[in-house]
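The exercises below are meant to be worked with the sequence and the three-dimensional view side by side. Try each task before reading its solution.

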Amino acid sequence: MELAVMVVLVIIVIALLLYNIIISKRIKNFKDINQKVTSLNVLQDFMSTIGEEQSVDDKVKKINDILIEQYAIKYSTIVVFDGSEYVVKASNVDQKHWDTLRNLQNEEIFKDSITTAKPKYVTVNKEEERLPYQKMEFGRAKSAMFFPLYIDNVYIGYWIIESGRMHAFDHIDTTILEVVKDNIISIFKIVSYQNIVESLARKDLYSDLKTSEYLYEEGRHIIDSYTTSTVCMFKITNLETTNEKVNRDTGNQMIIDVCDYIKEKLSDEYIFVRYMGPKFAIVFSGIDIDGVVEFLNDLKKEVEKLQIEDVDAEEENEKSKNKNKKKVVMTSPKLNFVLTTYYKGTALEKVLKKLEEYLDTADANENEINNI
């Protein structure tokens, strides 16, 4: 009888052990699935952030906020080398600590991590201790993980997460954090092109207008706040002739006078840029073609009435003491316009290329307003 009871108890104990093992596996599987779902959600949020109409810096800050929220990270800081110095691109740490955080590449404890491209985990063992890189702070962080960031084997900076608890990352799944790190790198790969475009836009010397690159970044944000807009490109068709037969100074003055006149007539909501050479682009944000044509007809007539003096002849006459002054030649600009509709979210660069091709292949004497 006692033997039978013992056998039953052993069977129950074995059954409970098996049950616990099964439950443990299910919990582990659930945690793994949950981590995968979280990582998938984070990646999805990352990709959504890339597509948003924000500057590169704003996107990186939002990505850091997503990491802090989704992974319950106390402190997260992303530092990138911009070609001349290390810059804190995103951080939820008080700004008074940023000088320390942007110089971690100089800390001995992280140099090996940067060299080997492997993460580095540091923690304190006593409350009164502080992390090796901390200079003037004691209570903020007690443990940290440092991740060097590489793009195509080129070191670009680092991501560091910190906790106010000792040994906070002892049992963390680093594979998940490695995936997050790879996602951060992917984001920087993508937004690096946007960063280049943002830095390319500048002001043209003569027209005092932004160059065409402005349309593809900051200008695009304004344009895409409307469903449709009218894109106009015009060419000063006699600019090259003026440069050759009169002089380049007069051609430059023609650009100045034409652009100054048009700028005065345009609303602040419209974007006016020097596209290339004798070609200029105007985007009438939120306006359809029918609402633009009459305005451009009037504008074209007025601009072509402008009289541009021979700049060099005028300067020579001012300097000359002779009574026989050089005759000053007056030149008027001739403009050829082409319009089309731009739809939000489509390829603006292709729209502009189509307009440019039209103007480049049009008859040299064409002097109209065309809709394509």
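**Exercise 1. Two helices in contact**

Val258, Tyr261, Ile262 and Lys265 in H8 meet Phe295, Leu299, Glu302 and Val303 in H9. Keep in mind throughout that this is a predicted model.

Task: At what angle do H8 and H9 pack, and how far apart are their axes?

Solution. Begin with the residues that meet, which on the H8 side include Tyr261 and Ile262 and on the H9 side include Phe295 and Leu299. Next, compare the two directions: H8 and H9 pack at an angle of about 145°, and their axes lie 11 Å apart. Finally, assign the hand of the crossing, which for H8 and H9 is right-handed.

**Exercise 2. The sheet and the helices on it**

Task: In what order do the six strands of the open sheet run, and which strands stand at its edges?

Solution. Step one is to trace the open sheet across its six strands, which gives the order E6-E8-E9-E7-E12-E13 with mixed pairing. Step two is to look at the ends: strand E6 (210-211) and strand E13 (369-371) each have a single partner strand, so one side of each is left without a neighbour in the sheet. Step three is to check the pairing at the E6 end, where E6 and strand E8 (residues 271-276) pair in the parallel sense over two bridges, and where Lys210 has Val273 in E8 as its bridge partner.

Helix H8 (residues 248-265) lies across strand E7 (228-236), E8 and strand E9 (279-284), and runs at about 155° to E7. Helix H9 (residues 290-303) also packs on the sheet, where it touches E7, E9, strand E12 (335-343) and E13, and its direction makes about 155° with that of E12.

**Exercise 3. The surroundings of E12**

Task: In which sense does E12 pair with E7, and in which sense with E13?

Solution. Take the E7 side first: E7 and E12 pair in the antiparallel sense over nine bridges, and Thr230 has Thr341 in E12 as its bridge partner. On the other pairing, E12 and E13 run in the parallel sense over three bridges, with Ile369 in E13 as the bridge partner of Phe337. Then consider burial, for which the cut-off is a relative accessible area under 20%. Seven of the nine residues of E12 are buried, so this strand is largely enclosed by the rest of the structure.

The C-alpha atom of Ala347 is separated by 9.7 Å from that of Tyr216, although the two residues are 131 residues apart along the chain.

**Exercise 4. The two faces of H4**

Task: Which residues of helix H4 (residues 108-116) are buried, and which exposed residues does the face turned away from them carry?

Solution. The buried residues of H4 are Phe110, Ser113 and Ile114. These cover an arc of only 100° around the axis, which means that they sit on the same side of H4. The face turned away from this buried side carries the exposed residues Glu108, Asp112 and Thr115. To complete the picture, ask what the buried side meets: the buried residues of H4 pack against strand E3 (120-123), strand E4 (143-151) and strand E5 (154-163).

**Exercise 5. Positive phi values**

Task: Where in the chain do Ala117 and Asp208 lie, and what is the phi of each?

Solution. Ala117, which follows H4, is found in the loop between H4 and E3, and its phi is positive, near 60°. Asp208 lies in the loop between helix H5 (174-200) and E6, and its phi is likewise a positive value near 60°.

Key:
Residues numbered from 1 in each chain as written. Predicted model: local features only at pLDDT ≥ 70, side-chain atom pairs only at ≥ 80, totals over all residues. Heavy atoms only, no water. Pairing = 2+ DSSP bridges. Helix = DSSP H or I, 4+ residues; strand = E, 2+ residues; numbered from the N terminus. Contact = heavy atoms within 4.5 Å. Axes fitted to C-alpha atoms, helices over the stretch in contact; angles between N-to-C directions. Buried < 20%, exposed > 50% of the residue type's maximum accessible area, 1.4 Å probe, protein only. Arc of directions from axis to C-beta. Left-handed = near helix turned anticlockwise from the far one by under 90°.
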